[in-house]
Amino acid sequence: MLKLSAEQLEVIHQHAAAEYPAECCGVLLGNEAGEVKRVAEVAPLVNLRRDPVRAQEYMPLRNPDRESERNRYLIDPNEQLRMEKDARARGLAVLGYYHSHPDHPSRPSEYDREHAWPWYSYLIVAVEKGTPRDSRSWVLAPDRSDFHLEWLEIEKAKPATG
Amino acid sequence: MAVKVIIPTPLRQYAAKKESIDVEASTVGEALSGLTTQYSGLRRHLYNEEGKIRSFVNVYLNDEDIRYLSKEQTPVKENDVLSIVPSIAGGAPSSRAVSGSILRCICS
């Protein structure tokens, strides 16, 4: 189960809307207790596919005429290294990553599956004509054949005190 | 020489849930092979069938990507930190091109 607050989901949705029609991406940081991954922080990251030359260096696209930042995301490993180091120093772990599917459902694609790692939560936001619609979280099956839908619990904002 | 290898969260289940593991090695390649000898479940996630480091795996020696050093032959020294950084990539199905080709079929 992945637990995040309504405010954290809002940060993801705003990022997804701001990047449309490109895909957005970011990291989910927090801690795992038993079967529950509780998100403590959501951090937007840069989609390296916006810089095709550098992105191609790390992970070449098979069909550059069909693939771009509109249907692909890639996280800069240098930024990832810095982010992971900073998170570790603060006692947080990488629970997974989020990304958007502009004008596509919040279901993982075959490309998502080929590039997925076990255990991580992959939160996908469907963005329809610039408006974030639904978000679902997925975990790769142990045999890599498919993704399993992960229970996503959104904690409501606490009422203001005083 | 002992170097510390940082294990990313998805691979900790194959490394006794540890966040980092100290291994004796004089090169990056030795450190990684020492690691997969101790924890054999890590092997298929780090190496491809030809025994090369998978392209989806980035390895950093301290803050440097080993691709820009001497790759697996890069020497390591006492107290160096080796980080395994998994490539994170994905994206929506590329249906724009698919619908484009359907359109071309209808037109021709």
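This is a predicted model: local features need pLDDT of at least 70, side-chain atom pairs count only at pLDDT 80 or more; totals for chains, interfaces and linings use all residues.
Two strands pair if DSSP finds at least two bridges between them.

**Strand β5 of chain A**

Start with Leu29(A). Leu29(A) stands opposite Val94(A), a residue of β5(A). Strands β2(A) and β5(A) pair in the antiparallel sense, over six bridges. On to another partner of β5(A). Seven bridges join β5(A) to β6(A), and these two run parallel. Here His99(A) has Ile124(A), in β6(A), as its bridge partner. How does the chain get from β5(A) to β6(A), and what is the hand of the crossover? The chain passes through helix α4(A), residues 110–115, and this β-α-β crossover is right-handed. Strand β5(A) is also mostly covered: nine of its ten residues are buried.

Here are the strand pairs described in this report, with their bridges.

| Strand pair | Sense | Bridges |
|---|---|---|
| β2(A) and β5(A) | antiparallel | six bridges |
| β5(A) and β6(A) | parallel | seven bridges |
| β1(B) and β5(B) | parallel | three bridges |

**The nonpolar cores**

In soluble globular proteins, nonpolar side chains tend to be buried together. The largest nonpolar core in this model has 36 residues. Those with the most contacts inside this core include Ile12(A), Leu28(A), Tyr97(A) and Tyr122(A). Several elements of chain A each supply at least two residues of this core, among them α1(A), β2(A), β5(A) and β7(A). Which strand gives the most to this core? Strand β6(A) does, with six residues.

Take Tyr122(A) as an example. Leaving aside neighbours within four places in sequence, Tyr122(A) is in contact with several residues, including Gly96(A), Tyr97(A), Pro108(A) and Trp138(A).

**A buried glutamate**

Glu69(A) is found in the loop between α2(A) and β4(A). Is Glu69(A) buried or exposed? Glu69(A) has 22 other C-beta atoms within 10 Å, so Glu69(A) is buried. The cut-off for that word is 20 or more. Leaving aside neighbours within four places in sequence, Glu69(A) is in contact with Ala22(A), Glu23(A), Asn47(A), Arg49(A) and Arg50(A). Pro52(A) is 17 residues apart from Glu69(A) along the chain, and their C-alpha atoms are separated by 8.5 Å.

**Chain B and its sheet**

Now turn to chain B. Chain B has three helices and six strands. From the N terminus on, the elements run β-β-α-α-β-β-β-β-α. Chain B has 108 residues, and 30% of them count as buried. Among its contacts between residues at least 6 apart in sequence, 54% join residues at least 24 apart.

Five strands of chain B form an open sheet in the order β2-β1-β5-β3-β4, with mixed pairing. Which strands are at the edges? The edge strands are β2(B), residues 20–24, and β4(B), residues 64–65; each pairs on one side only. Within the sheet, β1(B) and β5(B) run parallel and are joined by three bridges. Ile6(B) stands opposite Ser83(B) in β5(B).

Two helices pack on this sheet. Helix α3(A), residues 77–89, touches β3, β4 and β5 of chain B. Its direction makes about 120 degrees with that of β5(B). Helix α1(B), residues 28–38, touches β1, β2, β3 and β5 of chain B. The direction of α1(B) makes about 115 degrees with that of β2(B).

Terms used:
Residues are numbered from 1 along each chain as its sequence is written. Chains are lettered from A and ligands numbered from 1 in the order in which they are written. Helices (H or I, at least four residues) and strands (E, at least two) are DSSP runs, numbered from the N terminus. A residue is buried if 20 or more other C-beta atoms lie within 10 Å of its own, exposed if 12 or fewer, and partly exposed in between; C-beta atoms are placed from the backbone. Two residues are in contact if their C-beta atoms, placed from the backbone, lie within 7 Å. A nonpolar core is a set of buried Ala, Val, Leu, Ile, Met, Phe, Trp, Tyr and Cys residues joined through C-beta atoms within 7 Å. Axes are lines fitted to C-alpha atoms, for helices over the stretch in contact, and angles run from 0 to 180 degrees between N-to-C directions. A crossover is right-handed if, with the strands pointing away from the viewer, the path from the first strand over the helix to the second runs clockwise.
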